[in-house]
Each structure stands twice: as C-alpha cells, then as structure tokens.
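Let's take a walk through a protein together, one step at a time. Have the sequence and the 3D view ready as you read.

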Amino acid sequence: MNRGYPLVIPDTQGQCAAFAAGPEYGTDTLDSICAVTRSAETGLSDNSRFGLMGYSGGADATNRADALAPSYAPDVNRKLSASPRAACA
C-alpha cells in the first residue's frame, strides 16, 4: 500500500458465511476482480494485472480462485500476474 498499489479485498466470509465454504471463496474472489475492472471509479481497467495473496482463510480463497480461474473466469485468469501455480512450478 505504501507504494500506491490498489488492493481488492473480497469479503468471502460475509456476516453469515460458513468458514472454508469451498469453491464459493474462489468464485467470490474472481468476481471481485471482475467487478473492480468494470467500475471506472476504481481506476482499474481490463489492462490491469493482479496478484493473489492470502493468509489462513484468505489462503484458501486465493488457492481456490487460482484453481478456478481458467474455467470460471478466463478473462480474469489472463490478468493474473502472480499466482500460487506459478510459485510452485
């Protein structure tokens, strides 16, 4: 944040969510990236690149988003500049 990078922080658990809800965490994360690139107010666009990062429950969401991106959101998958898949290759 000190370098001016925008952050997209999806609320994967919400007020009534079950912990570790599985694929829903991944789709929520991908949907949030899609949404911010479609809103002019964010300053992000279709050309913006995204990295995924998470800790604890956020790591679950990150890993599920990375696994689901090619099939669930191929347009978002093309915008991922760093992913757990790349780190383990």
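In what order do the elements of the protein run from the N terminus on? The order is α-β-α-α-β-α, made up of four helices and two strands. Helices (H or I, at least four residues) and strands (E, at least two) are DSSP runs, numbered from the N terminus.

Before going further, here is how to read the values. This is a predicted model, in which local features need pLDDT of at least 70 and side-chain atom pairs count only at pLDDT 80 or more, while totals for chains, interfaces and linings use all residues. Residues are numbered from 1 along each chain as its sequence is written, and side-chain values use heavy atoms, with hydrogens and water left out.

The term pLDDT is the predictor's confidence in each residue, from 0 to 100. The protein averages 81, and 79% of its residues score at least 70.

Now look at how two helices meet. H1 and helix H2 (residues 57–72) pack with their axes 7 Å apart, at an angle of about 70 degrees; axes are lines fitted to C-alpha atoms, for helices over the stretch in contact, and angles run from 0 to 180 degrees between N-to-C directions. H1 is therefore roughly perpendicular to H2, a label for angles of 65 to 115 degrees (under 35 is roughly parallel, over 145 roughly antiparallel, and the rest oblique). Contact means heavy atoms within 4.5 Å, and the residues that make this one include Tyr25, Thr29 and Leu30 of H1 and Ala61, Arg64 and Leu68 of H2.

Next, find Thr37, which sits in helix H1 (residues 23–38). Is Thr37 buried or exposed? Thr37 counts as buried because its relative accessibility is 9%; buried means under 20% relative accessible area, exposed over 50%, and partly exposed in between (1.4 Å probe, protein chains only). A polar atom of the Thr37 side chain lies 2.9 Å from the backbone oxygen of Cys34. Leaving aside neighbours within four places in sequence, Thr37 is in contact with Leu44, Ser45, Asp46, Phe50 and Lys79.

For a contrast, turn to Asp11, in the segment before H1. Asp11 counts as exposed because its relative accessibility is 58%. Asp11 and Thr29 are 18 residues apart in sequence, and their C-alpha atoms are 8.3 Å apart in space.

Finally, step back to the whole protein: buried residues make up 30% of its 89 residues.

How values were computed: Polar contact = N/O pair within 3.5 Å; in protein donor to acceptor, adjacent residues only side chain to side chain.
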